[in-house]
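Please read them with the coordinates open.

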Amino acid sequence: MHPLLLRVQHTFSAGVTNVSDWRGDVSVTVTRDKLREVAQFLRDDPGMDFDYIVHVSSVDWPDDEERFEVVWEFYSIRKRQRIRLKTRVPEADCVVDSLTDLWRGADFMEREVYDMMGIRFRNHPDLRRILMPDDYTEGYPLRKDFPLRGKGWRDTFDFLDEVPR
Amino acid sequence: MAFEDQRTTVYKVNPEHPESETLPTLRTEELLLNMGPQHPSTHGVLKVILELEGERLVKSTPVMGYLHRGVEKLAEDGTYHQFIPHTDRLDYVCAMYNNFAYCRAVEKLLNLQVPERAEYLRTIVAEVQRIIGHQFWLSAQALDIGAMTVFFYCFRDREILLDWFDELCGARLTTSWYRIGGVERDLTPTLIDKLKQFLDYFPPKIDEYQVFLEKNRIWLGRTKGVAVISAEDAVSFGLSGPVLRGSGVDYDLRKYEPYSAYPKCEFSVPVGKNGDTYDRYWIRVMELYESVKIIRQCLEQMQDGPIMADAPSVTLPPKERVFTNLEAMIQQFKLFSQGFDAPPGEIYCGTEAHKGELGFHIVSTGGGKPYRLKIRAPSFIHMGAFDHMAKGYMISDACTIFGTYDIVMGECDR
């Protein structure tokens, strides 16, 4: 197993639910309550030193018990290593800790995840929609149960009649 | 530039006119100003709500999404090949690099080796695209700040390369020339000659751009010490590309995680010191020289060979065979109607585009379509630092900051 994974698994034995090393991408899944602790460890531990946040993403698995997966990708500029941190969130309690105070760039990235997937971030400074309009009521577009063509909101737009020439 | 100091000097009473002390207290309040979405220097449709104290920015809140087209949702509905033209429309001034980043991500998912000649071709065209991107950026930034001449000079030279793209793939901006496993077609001898001519023609022109700007007091005054960000903050915000390197961090994926033909070329990564707009300008201009160097080396080293990986279940057959050969036609039809069977798994692949790290995070559950595709767009992430970088500067500096990010809203909103 990859030394980074060994280290994380050794430190948080109970919190780590899955590790994988595929195509050179190292990824670790942790339980939701341990997320902040692991993230803090990844950033501050001298062997980890993940100072750079690459992106925050989310995946919808409608058939799973814990429906959503939030994905953080970190990079260490000094150590030149990458890690992917994942956690699962059930639909009924769609909240996960925000990492904005650890990596400031997480602010906009987490807002996007909230906007697109409807996952709320606890202690986020400004959790609003970012790409969709503020008054958008059709739900969260990147969920798998959202139809590709939308739910009909666009059909209600007023169109101006063509001006006769 | 310290915010507090500036404020105290602005409101100081003039000692030569003591009567001004007896003036009635003026009503002061913060002013909210909407900048955009149709402001010419916001590079597309972006709105920023500015909270002002006099002419100084106290807080700025970017409002984005005017150009949101749901590209990530569309990706889940089409095959891997069908998504390539969508990537053109992300950062529409530098389509080649988006194609490149996407194809690399899919190749990582498939564990597909690209032939050597294709790697060289990819590197050459990517660097040509980087030159175009930086020319476009330089002209737009100079125009925002008020230097119009540079705009015309840059566009004159950009036109040569766009015509070159036109001859290469039939399109100037939305190119779609990269393919999963290789490239669509090879460079012809005419194209190579034209490119060599351009490489001889171009470096003196870069000097020319610099002459216009580096001794221009207005340019220096509006870029030096404007929008300073420390290395620590820049890393914490996840900035990348010239915006991060301007603060003195030499993070460049071409060096950190070498890909394509970059490890075979010698080039340096310019790094700034002060983290201000001027340093970011300087880096981009230096990168123009480096790009010329990389293209020269690639043209010298490139050997003949195939331009598409030998993996018929994944790669598209050459167009001339599709119309003459039954098997090739069936293969083309199958690839576009069903797609290829990608292995289940999850990858992230970042590529150093001219704006910063452009990454694709693909989750596959097998089958011909991506289950989830997330685009790490540098423009979007740079906007996250806007408030931090604009605090304490003037309204007119807001335009400079949009410019210094090299922001393109198609990529920002996706």
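1. Which residues in helix 3 of chain A are buried? In this predicted model, the buried residues are A106(A), D107(A), F108(A), M109(A), E110(A), R111(A), E112(A), V113(A), Y114(A), D115(A), M116(A) and M117(A), so that helix 3 of chain A, with 12 of its 12 residues buried, is mostly covered.

2. The cover over the buried residues of helix 3 of chain A includes strand 3 (52-60), strand 4 (68-76) and strand 7 (120-122) of chain A, and helix 15 (378-383) of chain B is also included.

3. The length of helix 3 of chain A (residues 106-117) agrees with expectation, because 12 residues at 1.5 Å a residue should span 16 Å, and the end C-alpha atoms are 16 Å apart. After helix 3 of chain A comes G118(A), which has a positive phi, near 75 degrees.

4. Turning to chain B, helix 5 (residues 116-145) packs against helix 6 (residues 148-169) with the axes 8 Å apart and at an angle of about 160 degrees. Angles over 145 degrees count as roughly antiparallel, and helix 5 of chain B is therefore roughly antiparallel to helix 6 of chain B. The crossing of helix 5 of chain B and helix 6 of chain B is left-handed.

5. In the contact between these helices, helix 5 of chain B contributes residues including V128(B), I131(B), Q135(B) and L143(B), while those from helix 6 of chain B include M148(B), F151(B), D157(B) and R158(B). The residues of this contact divide into 13 nonpolar, 2 polar and 2 charged.

Definitions and conventions:
Residues numbered from 1 in each chain as written. Chains lettered and ligands numbered in written order. Predicted model: local features only at pLDDT ≥ 70, side-chain atom pairs only at ≥ 80, totals over all residues. Helix = DSSP H or I, 4+ residues; strand = E, 2+ residues; numbered from the N terminus. Expected span 1.5 Å × (residues − 1). Buried ≥ 20, exposed ≤ 12 C-beta atoms within 10 Å, placed from the backbone. Contact = placed C-beta atoms within 7 Å. Axes fitted to C-alpha atoms, helices over the stretch in contact; angles between N-to-C directions. Parallel < 35°, antiparallel > 145°, perpendicular 65-115°, else oblique. Left-handed = near helix turned anticlockwise from the far one by under 90°. Nonpolar A, V, L, I, M, F, W, Y, C, P; charged D, E, K, R; others polar.
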